[in-house]
Every structure is written in structure tokens, then in C-alpha cells.
Amino acid sequence: MQMKALRLVIHQSSANYKREETVDNKMTYPLPPFSTVIGALHNACGYREYKEMDISIQGRYGSMHREPYTDYCFLNSTQDDRGILVKMRNADMLSNAYDRVASAKKPQGNSFRNGITIQVHDQKLLDEYRALKDLNDEISEFKKNRFNPVMTLLKRRKKVLSEKKKVLEKGSEQFCKVERREKEIKAAEKLMKERMEQFQNERYTIPISKFRTLTKSMKFYEVLDDIELIIHVRASDEILNDILEHRFDITSIGRSEDFISLEEAKIVELQEDLDEEIESDYSAYVDRKLVVDEKIFLDQKQGESGGTLYFLNKNYKVTDGKRIFEKKRALYVSGYSAEGFGDGLYLDTDGDKNYIVNFF
């Protein structure tokens, strides 16, 4: 029995297939995840909606190195003594657009407000930042010396009136008079708080939120070198023909700069009625169940762990505006062989080359 599929043979001089759970050191998968390959194929064909397809990925790389990059990060709060002081052009939107105000020259001991060891990029914006900091001091002083004492006095009066109500007959003229006075004080207290909060928000909190501290640090990518990928795609004839037609529009896999060289794109017939044992020359993602069922045999060098188990993204559905990815349990193995093809395990033969194919 045979099955039709598209075989892509790809070479990359280098690539990073980012593991999404890594932050400081952007680690890489040994082979691209299914979603990365599917995304590259969809982009090449101009698809805007997900097209059903199954993917088999195998390959190898020559070496791995670490590549430095500068990471820029906005802090949650504005720091006066470090990093780069910037003003966001639109603080209400998720945007990286900003104007540089000033930069700290030393790791510590600087001050944007006092002009200590800083490089000024925009004096007007720096003056605006300093004026806001001065205003915040004035607000704090006003609250301490005038606002808070009045709030304390109103609180005491409310307590006195509350105690009076306890000894008065409920519904009596005197009780109602005390109750009215208590409500007046509560209303005055609420109004004063609202006005104070509104003034502080409009004059300081909102304007200062546009200023952020931008920090930069050296971080690293793990980068694979001299990569060979063999990708098999199983889909409808229409989709396979689309990919074949747009094969030269597949520009990169991984990062946008991880360009590819397409060495082959070919519709092939996969076999599954085979009993002989076939050894693979490549590493691959395989279904762990095939190892348990002894259809795939691992090299003894794999040890008891039997390869590395990854939970890889494949396709996603949009729920409440968020992408929810379907995860696939994929066992990364190398130095393996297969026997007893069928039930999801196929063989692609091309001359003296044998490709063991396992779709996800």
C-alpha cells in the first residue's frame, strides 16, 4: 500500500528554533517544531487560515554555538539612577515607539532628576520629567501637612457622631439630626478623596506613566550550524500542489534571518507494507508509542531515557482572541531503526537513501 506526500530537502547554514519557555538564554530545539514548519509553508502559499496538513521532520546539524545579542527591556517602574530614560509616544498601546530622554553613564550613582553622570538626549523632555517629579513632591507635602490632617479630623467627627447615635432613640428628632450630619461629613470626605485622586491622576500619575526606564543587557541565542532537514508533508492534492508551486517562496525556517536553501521538492509515494529493518541516517521526531510497541528501535547510546520528549506546538485555534496551540508529544531520537512499517510508520526510498517517515 502506498501514500502520496511532498518531500522537501532543505539546507540551512544556521538557525535557532526557539524554545518558547526559555528567556535569558534563547535555547533551540534540535529540529524545528511542527508549528514553525507549518507557519513557513502557510506564509509561502499566502494562506490566511489554517490548512489541514500533517508533518514529519527529520534531519541533522553539524555543530552548535552561542550568538550574543543585546536585549532591551522596559522596567515596570521608572528608575531615576539607571538605564535609559525614555518617553513612550503612546503609553496606552502595546508599542515600542519612544523618544530617548537621557542615558545613565554608570551602573549606579546617576540621577536623571539631579543631572548626575547622565547624557541628555532631549532637554525639553528631561525638564518635563523633572517638573513632574517636583510636582509629586509638592503633592506629597500637601497631603502630609494639609489633606491628611483634615481626613483625620473628619474621621474623628464621624466616630463621635456614631457614638452619639448609639445612645439616642432611633427615629427621634435628635437622632435624625445627628444622622444627617454624619452623612454630610461622609459626603464631604468622599468628595475630597475623589478630588485629590483626580488631581493626582491627571497632573502626575498619568503623565509620569509615559516615562519608562529602558535597560539593556547581553544575552545569547543557541544557534545550530550546517543543518540538513528532510520534511514530509501529508495533505490534500490541492495543498501539496500549492506548496510545490510556491516552494521557492519558502525563505526561512526559525528566525526571519534563518534563510533556507531548497535542494529538493518532490511528490513521492510512501510505502508501509514492509517487514525489513531500515536504519535511519538522521535524527527525527517520532511517536513514543512506536518505540514502546517496538516498531522503532533506538541505538543503545540513547540510554534508558530513550531520547528526549518534547511537547511541540502544531496548529492553533483562536479562543477569546488568544491562540491556543495543539501540543504533540514528540520523542527526539537519533541513531534509530524501524521495522514492521504500517499504522502510521512509512518509508520513503530514493535510490540508496531511505527516509523513515512518521507524521504528526
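# Notebook: strands, cores and salt bridges

I began with S11: this strand pairs with strand S14 (residues 336–338) in the antiparallel sense over 3 bridges. For pairing I required at least two DSSP bridges between two strands. My strands (E, at least two residues) and helices (H or I, at least four) are DSSP runs, numbered from the N terminus.

The model is predicted, so local features need pLDDT of at least 70 and side-chain atom pairs count only at pLDDT 80 or more, while totals for chains, interfaces and linings use all residues. Residues are numbered from 1 along each chain as its sequence is written, and side-chain values use heavy atoms, with hydrogens and water left out.

I looked up where Ile-296 pairs. Its bridge partner in S14 is Ala-338. The open sheet has 3 strands in the order S9-S14-S11, with antiparallel pairing. Strand S9 (278–279) and strand S11 (296–298) are the edges, each pairing on one side only.

**Strand S10.** Next I checked S10 (residues 283–286), which is covered on both faces. Ser-283 and Tyr-285 are buried on one side, Ala-284 and Val-286 on the other. I call a residue buried under 20% relative accessible area, exposed over 50%, and partly exposed in between (1.4 Å probe, protein chains only). S10 pairs antiparallel with S3 over 2 bridges. Gln-58 stands opposite Ala-284 in S10. S10 is also joined to S13 by 3 bridges, again antiparallel. There, Val-286 has Leu-331 of S13 as its bridge partner.

**Cores.** Which residues touch the most other members of the largest nonpolar core? I noted Leu-41, Met-53, Ile-55, Ile-231, Val-233 and Tyr-285, in a core of 36 residues. The elements giving two or more residues to this core are strand S1 (2–15), helix H1 (34–45), strand S3 (54–74), strand S7 (211–234), helix H4 (237–245), strand S12 (308–319) and strand S13 (322–333). H1 gives the most, with 7 residues. A nonpolar core here is a set of buried Ala, Val, Leu, Ile, Met, Phe, Trp, Tyr and Cys residues joined through side-chain atoms within 4.5 Å.

I then listed the neighbours of Ile-231, leaving aside those within four places in sequence. Ile-231 is in contact with Leu-6, Arg-7, Leu-8, Ile-10, Val-37, Ile-55, Ser-56 and Ile-253. Contact means heavy atoms within 4.5 Å. A second, separate core has 21 residues, including Phe-112, Ile-118, Leu-126 and Val-178.

**Salt bridges.** How many salt bridges does the whole structure hold? I found 23. I counted a side-chain nitrogen of Lys or Arg within 4 Å of a carboxyl oxygen of Asp or Glu.

I opened the pair Arg-7 and Glu-264, with its closest N and O atoms 3.0 Å apart. Arg-7 lies in S1 and Glu-264 in strand S8 (residues 261–271), so the bridge ties together parts 257 residues apart in sequence. Arg-7 is buried at 1% relative accessible area. Glu-264 is partly exposed at 22%.

Glu-20 and Lys-327 come next, at 3.3 Å between the closest N and O atoms. Glu-20 sits in the loop between S1 and strand S2 (25–26), and Lys-327 in S13, 307 residues apart. Glu-20 is partly exposed at 44% relative accessible area. Lys-327 is partly exposed, with 44%.

Last, I looked at Lys-165 and Glu-182, which meet at 2.8 Å, N to O. The pair links helix H2 (residues 123–167) to helix H3 (residues 173–209), 17 residues apart. Are these two buried or exposed? Lys-165 is buried, and so is Glu-182.
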